Every structure is written in C-alpha cells, then in structure tokens.
Amino acid sequence: MSSPDPQVRAARNNSTSPAARGPVVAVTGAASGVGALLTARLAASEEIKQVIAIDERRGECAEARWQILDVRDPAIAEKLRGADVVVHLALDLDLETDGAARTAYNVRGTQTVLTAAAAAGVHRVVLCTSTMVYGALPDNELPLSEDAELRATAEATGVGDLLEIERLARRAPRAHPGLNVTVVRPAVLVGGTDTALTRYFESPRLLVVAGSRPAWQFCHVDDLCSAIEYAVLEKVDGELAVGCDGWLEQEEVEELSGIRRMELPSAVALGAAARLHRIGLTPSPAGDLAYTMYPWVVSGSRLHDAGWRPAHTNEEVLAELLAEVSGRHTVAGRRLGRKDATAAGAAGATVALLGAAAVVRRARKARRRI
C-alpha cells in the first residue's frame, strides 16, 4: 500500500494537534494593556485553537480575529458565537476618569458580556478584579485565604466597581445555568500600569501612617496572563488570587527602594486626603490610603495546588516598578512637574499638604494670566 500524500499526512497531524483540539477564546479589551498581552500570548499558544479579539479599535496581534465594537453593545453576542471561553478585560480603572462614567462602563460592560456569553453558548467566562476586594484592614490575617470574606468598601478608586463585578460573577451561574465563571484577583499589578498604588512609589517620600502595618504583595502582568491562561485551559477554576509568593514589610520596601518615609498621624493623613479629593485637587479618594496602611496579602493556594507558580518575586517586581516610575513625580496622587516635586521633597512637610500647595499655586498663576 502506498503511503499517504504528504499534504494528507499534514492535515491529519494538524487535526490532532493540541491547537486543533483546544478552545476558541474571546478576549475583550484586547487592543491595549493586559488584554493586548494576553491576546498575543494565547494566539501564540499551541493549546489554543483561535483567539477572537474584541475592542473599540484594532490592536497589533495579527494572528487574532478582530471584532471592533463596544462591549456594552448587545451585538457582541453574535461576535461570541463559536467561542468556548470569554476573558473579559475591558475595564476602565483610570484615576482620571469621572467616577460615574467609569462605573457605568465597567458594570454595564460586564453585565452585557455575561449575558451575551450565555446567549452565544459560551461555557466559561473569566473576569478580572483585584485582591483589593478583600479590603485592607488592621485585623486581616497574613496571608488571607482566597475564601476570606470580601470586606472592602467602595471608598477606594474603582473598588466599588470591582465589588459589583464580583456580585455579577456570583449571580451569573444561577441566572444562566451551564455558564461557569472564574474570577482572577491580582495583587498590586505592575507592568505598564498606572494606579494609586503604583503612584505611591512616585512620591519624594513614602507616606507611612503612624501605627499602621502595611504589607506589600505585587503581581507582574506576565504572571497575571499566565494565570488567566491556566483558567482558560480549565486547569483551575473558582476565585483565584494571583501574585508573587509572600510579601514585603514596609521597612523592606524602603530599604529596597531607597525612598525614605514620611510618617504622619492617622487623623492628619486621612483628613487631608479626604479634603483634597473632595475639592478636586487629587484623583485618589481617602479610601486609597487604607491599602498603604494595612495588609491585604492573599495566599494564592488554588493556583499553586494546580501547579502554577509566579515567574517573579516581590523584590523583582518592585525593582521593575521603580524603573518604570523613574522620572515621574507624584505628590498626594497628583502628578507634578520636576520643579514642584524637588521643592516638595526639600520642604519636608506632609505629602497631602504639599500636594495641595503645588496644585493651588498653579491654579493661582493661571488666574493671574487670565
């Protein structure tokens, strides 16, 4: 008997390859940030059959099949047909976005994606929130169990949206039988990110509230993408905390960063932060400060039990964060020019009051020019 034609043999081999047997994965928010990194990673994976990339603009991954639309558009259901898994990363957590507009986008987008996924016959949706949903509290255990109660409040930037997404995740399987929902919760995310917590390391001094006991746990974006890939391939499910193993105490952070601390009484720090945010001088509400005061470190045991391990340590991720923010100057969460930042560091006054002074001074100069 003659051997099969080489092209026939190739077709047979391809039909039994891991990619041919693997899932079709749709990624929302695929054109930028974590979504872009994950799209490229999945498109290059031999275990993924196809990637459907969804965003309001086309991204750079040529291997993905692009669908251009807003995730709040019910027409997304048609774009998801044929997908086995949806990873929803189209979230707006920008510090400068209007809070009401941000919540409307994040919550409505998640609701629409979950409903559309169920209508399209998708069997799994992966959502991404943050370990911030556990809350930063003085009585938190070190580390917290992934099953620990979510005790955060809506007082920090975007946390109210994340808590609502968590509620939607819990309700979705009951509202849509057959739909599985996995929630991935990264620690302080580093790698091209801009949050109140990454801006903390742009300050001339690290604000430390007297009597607090902060503990820092980071998550590199590459580790987040690899953890999401684990969930996509159904190697793990449920609520998953993602981060480096262990944590750093405040003293270790100061030693590694070389940035000295500025210690303030709690009433002064929280009161100033609340006043400055209330009058619109800083983007971060006072609730953000709690995450620099108290621990919210999580064990990440579910991923570990499934065989996943982070590729980065807290020390390595902190070093990368410091390299990223080098040259940026932030006081009280507000980005400053180099001149203002130098003056702030030399003055040695409170971080919050310096932030107010810098912004008010610029406002006065602007009024004089009118």
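Modeller: Let's start with R261, which counts as partly exposed because its relative accessibility is 31% (buried is under 20% relative accessible area, exposed over 50%, partly exposed in between; 1.4 Å probe, protein chains only). This is a predicted model, where local features need pLDDT of at least 70, side-chain atom pairs need 80 or more, and totals for chains, interfaces and linings use all residues. Numbering starts from 1 along each chain as its sequence is written, and side-chain values use heavy atoms, without hydrogens and water.

Biologist: Which side chain does R261 meet in a salt bridge?

Modeller: E251, at 3.5 Å, N to O (the cut-off is a Lys or Arg side-chain nitrogen within 4 Å of an Asp or Glu carboxyl oxygen). E251 sits in helix 9 (residues 250–257) and R261 in strand 13 (residues 261–264), 10 residues apart. Helices (H or I, at least four residues) and strands (E, at least two) are DSSP runs, numbered from the N terminus.

Biologist: Which residues are in the network with them?

Modeller: Salt bridges with shared partners tie E251, E254, R261 and E263 into one network.

Biologist: And how many salt bridges does the structure hold?

Modeller: There are 15. One of them pairs E166 with R185, with the closest N and O atoms 2.8 Å apart. That pair links helix 6 (residues 159–175) to strand 6, 19 residues apart in the chain.

Biologist: Are E166 and R185 buried or exposed?

Modeller: E166 is buried at 2% relative accessible area, and R185 is buried too, at 3%.

Biologist: What about E78, what does that pair with?

Modeller: R81, with 3.1 Å between the closest N and O atoms. Here E78 is exposed at 52%, while R81 is partly exposed at 41%.
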